[in-house]
Amino acid sequence: MKILLIEDSIDFLNKMKSFLEDMEYEVVTAMDGLEGIEMLKKHPDLVLIISDVNMPNLDGISMCKRIRKEQLQSPPIMMVTTEGSKKLRKEGEEVGVNYWLIKPVPQKMLISMVEKILNQEKS
Ligand SMILES: [Mg+2]
């Protein structure tokens with residue numbers, strides 16, 4: 001199963017990528033929202049998008065808005081971010097964000113969350 005990971009911090013990107021690969025997921029990556037949209041178009045078989053919010057060029061929330069606007073086919077979207085404000089979370093919900101985790105996310109929590117989401121999707 002293929003996951004798109006979008007994160008502008010290379011350290012965090014690599015860390016999350018290796019967590020997910022340890023779980024036997026295939027991981028494709030992008031470093032901002034624009035690249036994220038390109039990858040989404042290129043990989044129609046994604047099962048999940050995990051994205052940061054604060055990124056250059058196109059932030060995570062604006063990316064979701066664009067996915068909606070362009071009516072792109074998208075798997076569930078999980079934000080992993082330092083941002084926790086109610087206002088932003090609500091904005092995220094309104095543009096199609098399904099899950100919201102606050103950094104730092106311990107490996108165990110990330111893994112159990114991803115498995116929970118993907119099990120729900122299957123059933
Ligand atoms: Mg960032």
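**Close-up 1. Crossing of helices H2 and H3 in the predicted model.** H2 crosses H3 in a right-handed sense. Helix H2 covers residues 33-42, and its axis lies 9 Å from that of H3, at an angle of about 35°. On the H2 side the contact is formed by Gly33, Leu34, Gly36, Ile37 and Leu40, and on the H3 side by Met63, Arg66 and Ile67. By class, the residues of this contact are five nonpolar, two polar and one charged.

**Close-up 2. Protein donors of the magnesium ion.** The ion has Asp8 (OD), Asp52 (OD) and Asn54 (O) as its protein donors, at 2.0 to 2.2 Å. Along the chain, the donors have the spacing D-x43-D-x1-N. Asp8 belongs to the loop between strand E1 (2-6) and helix H1 (10-22), while Asn54 belongs to the loop between strand E3 (46-51) and helix H3 (60-69), so the pair ties together parts 46 residues apart in sequence.

**Close-up 3. Accessibility of Asp8 and Asn54.** Asp8 has a relative accessible area of 31% and is partly exposed. Asn54 is also classed as partly exposed, because its relative accessibility is 38% and the class lies between the limits of 20% and 50%.

**Close-up 4. Surroundings of Met1.** Met1 is located in the segment before E1. Leaving aside residues up to four places away in sequence, Met1 touches Tyr25, Glu26, Val47 and Leu118. The C-alpha atoms of Met1 and Glu24 are 8.1 Å apart in space, with a sequence separation of 23 residues.

Note on methods:
Residues numbered from 1 in each chain as written. Predicted model: local features only at pLDDT ≥ 70, side-chain atom pairs only at ≥ 80, totals over all residues. Heavy atoms only, no water. Donors = N, O, S within 2.8 Å, 3.2 Å for Na, K, Ca; no water. Helix = DSSP H or I, 4+ residues; strand = E, 2+ residues; numbered from the N terminus. Buried < 20%, exposed > 50% of the residue type's maximum accessible area, 1.4 Å probe, protein only. Contact = heavy atoms within 4.5 Å. Axes fitted to C-alpha atoms, helices over the stretch in contact; angles between N-to-C directions. Left-handed = near helix turned anticlockwise from the far one by under 90°. Nonpolar A, V, L, I, M, F, W, Y, C, P; charged D, E, K, R; others polar.
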